[in-house]
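Please look over the model below before you read on. My notes follow as numbered points.

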Amino acid sequence: WDKKQSIESLRILTIEEMYELADAIIERDFEAIREEIGDIMLHLLFYAKICDEQGYFDIGDAMQSEIKKLKHRHPHIYDDLIVHSEKEVKENWEKLKLKEGKKSILQGVPASLPAMVKAYRIQDKAKQVGFEWENEKQVWDKVEEEMAEFREAETQETPNRQQRMEAEFGDVLFALINYARFKNIDPEAALEKCNKRFISRFQYIENHAAANHLELQNMTLEEMDTLWNEAKRKAKNEA
């Protein structure tokens with residue numbers, strides 16, 4: 001199996017391992033975090049070994065490149081640049097990356113990132129050059145503005161109604177992610193925790209139905225909602 005692998009065939013497996021690590025972090029399962037870190041490091045060594053065998057570079061070259069980059073981008077540590085805050089460190093980091101030849105500060109955001117994570121990173125990077133709201137009220141006003149535009153698109157009977165609703169809904173999500181950033185909330189993590197709560201509560205309904213020989217499709221919404229709230233109370237009491 002190992003001999004048949006290439007950097008291309010490993011790619012999807014590495015992505016899977018990263019998601020497994022992300023799941024373990026959400027659950028604060030440190031035994032799983034330890035295991036997933038090991039799996040990811042094995043993948044990195046695998047990539048380096050393949051590239052070494054093909055004559056491109058070895059693991060030492062990769063680490064030396066990282067050391068050189070870190071020193072270059074942290075002149076406040078390895079040189080005589082004086083900074084007074086984390087904000088200045090990040091701003092200087094982006095300036096240095098542009099000097100390295102990048103044409104846009106957004107160039108470093110991977111195209112294949114999940115859309116919500118990508119939106120957060122885009123906003124955070126734009127902030128480093130001053131493209132940022134002054135306060136959270138302005139950000140929330142933008143959320144409300146985008147929601148109003150979505151409702152307007154929803155109510156207008158036009159040939160491109162569906163496309164416009166999609167565009168406006170995207171704007172609503174983008175604005176909400178921006179507000180989350182102002183509140184120091186990781187929107188991806190927040191949504192995933194919400195997903196897990198939904199799964200837990202819905203499975204409580206399923207288990208109750210099975211225990212009482214009921215079919216979900218034969219239960220009323222009111223009956224399911226009662227069980228949902230019961231599951232919610234149990235989870236709150238156990239927290």
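1. Trp140 lies in helix α7, residues 136–155. Helices here are DSSP runs (H or I, at least four residues), numbered from the N terminus. Trp140 counts as partly exposed because its relative accessibility is 33%; buried means under 20%, exposed over 50%, and partly exposed in between (1.4 Å probe, protein chains only).

2. This is a predicted model: local features need pLDDT of at least 70, side-chain atom pairs count only at pLDDT 80 or more, and totals for chains, interfaces and linings use all residues. Residues are numbered from 1 along each chain as its sequence is written, and side-chain values use heavy atoms, without hydrogens or water.

3. Patch residues have over 30% relative accessible area and no salt bridge; nonpolar side chains (Val, Leu, Ile, Met, Phe, Trp, Tyr) are joined within 5 Å, like charges within 9 Å. A salt bridge puts a side-chain nitrogen of Lys or Arg within 4 Å of a carboxyl oxygen of Asp or Glu. Helix α8 (residues 161–182) gives the most to this patch, three residues.

4. Which residues form the positive surface patch? They are Arg28, Lys193, Arg197, Lys232 and Lys236. Lys236 lies in α10. Lys236 counts as exposed because its relative accessibility is 62%.

5. Asp124 sits in helix α6, residues 115–127. Asp124 is buried, because its relative accessible area is 13%. Leaving aside neighbours within four places in sequence, Asp124 is in contact with Lys90 and Arg181 (contact means heavy atoms within 4.5 Å).

Terms used:
Areas by Shrake-Rupley, 256 points an atom, 1.4 Å probe, with all protein chains shown as cover. Lys, Arg positive; Asp, Glu negative; His and termini not counted. Charge placed at Lys NZ, Arg CZ, Asp CG, Glu CD. Helix = DSSP H or I, 4+ residues; strand = E, 2+ residues; numbered from the N terminus.
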